[in-house]
Amino acid sequence: MDFPVFHLDFFGNRVLFAVIAIVHIIINHALAVGAIPYIALLERRGIKTGDARWDQLAYKILAVCFIVTTTLGAMTGVGIWLTASLVNPYAIGSLLRIFFWFWFLEWIVFVIEVCGILAYFLTWKGWGARNKALHNAAGFALAVFSWLTMAVIVSILGFMMSTGSWTQQPSLITGILNPIYGPQLLFRTAASMILAGFFGLLLIYFFAGRGDFRQQAVRLTSLWCLAWSPVCLAGAWIYWQAIPPWMLTNSLAVALSTQAFEQWHQMIAYLIGAAVLASVVVALWGLALPRWLPRVVLLVPFVLATVLVAYFERV
């Protein structure tokens, strides 16, 4: 079947797809994959300490994540499919044929995730208030399904970069277990947790008041970010090293980003270092002196981590 050719003037098809995909990835990583386990941790803290303020903080942060992920996150997710089908229907059709059952599994996991976040949020003040332990367990279960959704998609993204042994042994398993899968999944997991942590820190300044409780929340969240920073550094470096050599020598005169790939590829090393360093410094600041941590400073690691994730999306 022949498909009509689509071309977006001035910006180009790549920019159209990149903008939608990067917005979706940032929302998905920060507010779903990373935020759900972080929120469940805050809820767990409230159960252990008996302090209702932890529960209230977790609920308010979840409300923000729930609204954004079910609106802008959902729309950009659909937008990726629409844009991919419009820009290159042959490519998305080929991927669907190779990963049909794996994508089918992802859709099932995604539906469970959506139903899970609806149940987790909407039952918080009713059934969840009367059964906190079970409700908190549901939160951690939701975190697993959020991560599984990403884990499935990452294998397909890795296959698009390097098919590995699939050309010699074409099968679903060899397609899934491509050389990029592990490094990319490690990086995205850690980056999601850090993005969620710094996003949570920003919201704490709005939802936790100005007293001692804010300092406790800042310390706990700073510790969360600090714990994931070395994992993010290792994941980003391994992922960067795993980028296929042929992508470094790709000099086809297709677009400016393709021609300049070799130059900006080297910038990733500096960006990795800057993002992780900023995360560690701000996390240590929040851990040691939470009272003196300015709100504006929190934007630095969050923006750098966002740019780092977007940079890898550019690949």
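Guide: Let us start with handedness: a crossing is left-handed if the near helix is turned anticlockwise from the far one by less than a right angle, and right-handed if clockwise. Helices themselves are DSSP runs (H or I, at least four residues), numbered from the N terminus. This is a predicted model, in which local features need pLDDT of at least 70 and side-chain atom pairs count only at pLDDT 80 or more, while totals for chains, interfaces and linings use all residues. Residues are numbered from 1 along each chain as its sequence is written, and side-chain values use heavy atoms, with hydrogens and water left out.

Visitor: Which hand does the crossing of α5 and α7 have?

Guide: The crossing of α5 and α7 is left-handed.

Visitor: At what angle do helix α5 and α7 pack, and how far apart are their axes?

Guide: Axes are lines fitted to C-alpha atoms, for helices over the stretch in contact, and angles run from 0 to 180 degrees between N-to-C directions. Helix α5 (residues 100–122) packs against α7 at an angle of about 150°, and their axes lie 9 Å apart. Angles over 145 degrees count as roughly antiparallel, under 35 as roughly parallel, 65 to 115 as roughly perpendicular and the rest as oblique, so α5 is roughly antiparallel to α7.

Visitor: How many residues of each class does the contact of α5 with α7 have?

Guide: Contact means heavy atoms within 4.5 Å; Ala, Val, Leu, Ile, Met, Phe, Trp, Tyr, Cys and Pro count as nonpolar, Asp, Glu, Lys and Arg as charged, and the others, Gly among them, as polar. The contact of α5 with α7 has 13 nonpolar, six polar and two charged residues.

Visitor: What angle and which hand describe α3 and α9?

Guide: Helix α3 (residues 52–87) and α9 pack at about 120°, with axes 10 Å apart, and they are therefore oblique to each other. The crossing in which α3 passes α9 is right-handed. Among the residues that make this contact are Leu 57 and Lys 60 of α3, together with Phe 199 and Gly 200 of α9. By class, the contact of α3 with α9 divides into eight nonpolar, one polar and one charged.

Visitor: Where does helix α1 meet α7?

Guide: In α1, His 29, Ala 32 and Val 33 meet Ser 146, Trp 147 and Met 150 in α7. This contact has four nonpolar, two polar and no charged residues.

How values were computed. Helices (H or I, at least four residues) and strands (E, at least two) are DSSP runs, numbered from the N terminus.
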